[in-house]
Amino acid sequence: MSSPQLRRADRAMSEQRAYEMLERGFSGQLATSGEDGYPYCIPLLYIWMDGELYVHTGSARGHLRANVEREPRVCFEVDEPDQVFDYGRFECDSGLAYRSLILFGKIRIVEERAVKQRFCEALMEKYGKPDSTRPKGFFPRIDGITVYAIAVERMTGKEMALPALSEQWPAKDRTKTPNARP
C-alpha cells in the first residue's frame, strides 16, 4: 500500500501497528468533498472487515450521500490521544503523545444484503454489550441504513510515545529558543 511521504518520518508508524490500531480504534472522521468545493467531515463508528473500512448512516439522502455519489475519493482519520507533556521551561513548550491514521481511498455504497448483515454483526461484536440477552443477528431496520465500504489506496500512520519522566521537563530542558543556532 503506497503512502505519501511523511514530513515527520521519525514518527512514522509501522504498517503492522497501523493495522492493529485500525482494528481496535473506536471511531473516526470521514471526509468527503462537497459540490461547492468545501470539505465535509463527520464522525462515525467503523469496522475493518475483509480488507476494507466499513461505516454506516441512516438511509436518508443528505450531504454525505450526495458527496459520495458525486465524488468517491474520501479520507478517513482515526486517532488516539494520550497525555500532554512538558518538554521545556515555557508554558507553550508542551507536546502530545498520540497515535493517528489517515486512510485515502474510494468509497462505495454496499448493496448486498449479506454484506450489510455481516457489517451489522461485526458492528455489534465491536460496540455491543457482550452480556446482552437481546436477540443477536437480527436487524429489523437493516433496510433503513446505508452501509459504505472504503477501498483503501493509501494509509499513513504517525505516533508519538509519551517520553519517560527523565526525558520531560524539568528533568530535561528541550526549550526551543527562537533564533538559536544549531
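Is Arg 108 buried, exposed or partly exposed? Arg 108 is partly exposed, because its relative accessible area is 37%. Good morning, colleagues. Please keep in mind throughout that this is a predicted model.

Let me stay with Arg 108 for a moment. Its side chain meets that of Glu 52 in a salt bridge, at 2.8 Å from N to O. Arg 108 belongs to strand β6 (residues 94–110) and Glu 52 to strand β4, so this pair ties together parts that lie 56 residues apart in sequence. Glu 52, for its part, is buried, with a relative accessible area of 14%.

In total, the structure holds 13 salt bridges. Another of them joins Arg 24 to Glu 80, where the closest N and O atoms are 3.4 Å apart. Here too distant parts of the chain are linked, with Arg 24 in helix α1 and Glu 80 in strand β5 (residues 73–86). Arg 24 counts as partly exposed at 45% relative accessibility, whereas Glu 80 is buried at 17%. These two residues also belong to a network of salt bridges that includes Arg 99.

A further salt bridge is formed by Glu 69 and Arg 65, with closest N and O atoms 2.8 Å apart. The two are four residues apart in helix α2 (residues 63–70), and therefore about one helical turn separates them.

I turn now to the aromatic residues. How many aromatic pairs does the structure hold? There are four. In one of them, the ring centres of Tyr 19 and Trp 48 are 5.7 Å apart and the planes stand at 45 degrees, so the pair is tilted. Tyr 19 lies in helix α1 (residues 15–24) and Trp 48 in strand β3 (residues 47–49), so parts 29 residues apart in sequence are tied together. Tyr 19 is partly exposed at 23% relative accessibility, while Trp 48 counts as buried at 18%.

Tyr 54 and Phe 119 form another tilted pair, with centres 6.4 Å apart and planes at 35 degrees. Both residues are buried.

Charged side chains also lie over rings. Lys 126 is over the face of Tyr 46, at 3.9 Å from the ring centre, and Arg 154 is over the face of Phe 104, at 4.3 Å.

Finally, two details of the backbone. Most residues other than glycine have a negative phi, and most peptide bonds are trans. Asp 50, however, has a positive phi, near 55 degrees, and is found in the loop between β3 and β4. The peptide bond from Trp 169 to Pro 170 is cis, with omega near 10 degrees. Thank you for your attention.

Key:
Residues numbered from 1 in each chain as written. Predicted model: local features only at pLDDT ≥ 70, side-chain atom pairs only at ≥ 80, totals over all residues. Heavy atoms only, no water. Phe/Tyr/Trp six-rings, centres within 6.5 Å; stacked < 30°, edge-to-face > 60°. Buried < 20%, exposed > 50% of the residue type's maximum accessible area, 1.4 Å probe, protein only. Lys NZ or Arg CZ within 6 Å of the ring centre and 35° of its normal. Salt bridge = Lys/Arg side-chain N within 4 Å of Asp/Glu carboxyl O.
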